[in-house]
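Me: Please take a close look at one helix pair in this model. Then set it in its wider surroundings.

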Amino acid sequence: MAELEVYHGADRVVERPACGAGAPYRDFGVGFYCTTQRELAEEWACEGLRGGFVSRYVLDTDALQILDLTAETIGPFHWLGLLAAHRRFLDAAPTASNGAAWFRANACPALDGWDAVLGWRGDSSQFSFAQAVFSDNAPMDRLYRALAQSGTQLVLRTPRALAALRFQSCAAADPFQISGRGRARDRAARAAFWPEAVRETAAGRAYDALYLTEAMGHLGEALDYAVHGCGLGLDAFLALWTASGQAARFAAGAPSELCRPGVEQVVRTLEHAGTDAAPPPALKGPRRTPEFWCGQTLAYYQWYTGCGFAGILRRLPASALLEQAAALETLEGPSLAAALEHLSRRNAPVTALQSLRRAAGLSQRELAARAGVSLRMIQQYEQRAKEINRASGTALRALSRALDCTMEDLLEPNGVGER
């Protein structure tokens, strides 16, 4: 009997996987995804920097029909066909001959009769590489080099395949030990695919500039599809996206979020919100709508400043940013960031310090004299040039006594001025 040891990573232990479970837009369609590489399963378990579990199994392969894409020289060609058939993305290829539609029609193998499919993993960067090939922005030989860095996955598709799977044990996975390893793997694949790109990490940034253009495009695609494809309000969708946890992982530089196509981000957001209706098909053709610009701009501003999306959107809602599109769309880089910072400060809610000072009928100068602090300090805290949450205990105590309030009353709520 031929046996294969395989692993599955998730946020829970899976002793008996159900047949037909899982989202249909996974790389090879519906099925139970596992891998022969324990390290890869640990990365799956800790996606989004959450803790998870790795389940270990033994698979009896004697009676199974397994389509092994990695054993064929034409395997990557079929791998692209499967991704084109199952994954969701914006198909903006200039001609049908180099678009995903061509791969879907000509390269996707029929899976009827196959119990399992073994192929390269397609999450995070690997999908974006495929999309670059679809759009004729990169040659196929680059894809071969990148796939060698990515690891493989096995999807069990039929009841017979799941019946041949025997659970053995489980173990917790620590995200703090694993996240760096996953990013190193992703950088290696990205370096193989884009060798001409700059790979240094800018000081103070959550992720390499190497990911920035892609991250901007994916968030732009998400907002465009949410509004024009799904009929959602811009601010309403971003609130759901933030609540789903995707925004925080995106801001932290998780490749699985930065490289996730915008359409898939919308679909996952709607699933998290409990929406049962099937999302409409992805929009076709190049999209350069105001909403697309808004998404690109928010992604750049978040990367440039290091602020969390929750704080940014609280001070500068996307709908307010959209109103300034005509004035801002010619700006880029630090000039754009400076303009957005000005809008953000102008739209920020009044600080607790300013509100309490006005309620006490005091000017800034009068409060400074009464509290025994500098006028400049009060101005900086009220303008959020400095964060009052980081003020010394001595300064907070003096201000609270002068305003007859507690020190806690002076602090800003989480997210306002968040960095």
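Reply: Start with helix H18 (residues 352–359) and helix H20 (residues 375–382), which pack at an angle of about 120 degrees with axes 8 Å apart. This is a predicted model: local features need pLDDT of at least 70, side-chain atom pairs count only at pLDDT 80 or more, and totals for chains, interfaces and linings use all residues. Residues are numbered from 1 along each chain as its sequence is written, and side-chain values use heavy atoms, with hydrogens and water left out.

Helices (H or I, at least four residues) and strands (E, at least two) are DSSP runs, numbered from the N terminus. Axes are lines fitted to C-alpha atoms, for helices over the stretch in contact, and angles run from 0 to 180 degrees between N-to-C directions. Under 35 degrees is roughly parallel, over 145 roughly antiparallel, 65 to 115 roughly perpendicular, and the rest oblique. H18 and H20 are therefore oblique to each other.

On the H18 side, Leu353, Gln354 and Arg357 make the contact (heavy atoms within 4.5 Å). H20 contributes Ile378, Tyr381 and Glu382. By class, that is 3 nonpolar, 1 polar and 2 charged residues. Ala, Val, Leu, Ile, Met, Phe, Trp, Tyr, Cys and Pro count as nonpolar, Asp, Glu, Lys and Arg as charged, and the others, Gly among them, as polar.

Now the surroundings. The protein has 21 helices and 7 strands. Its C-alpha atoms fill a box of roughly 85 × 50 × 40 Å, along the principal axes. Among contacts between residues at least 6 apart in sequence, 79% join residues at least 24 apart.
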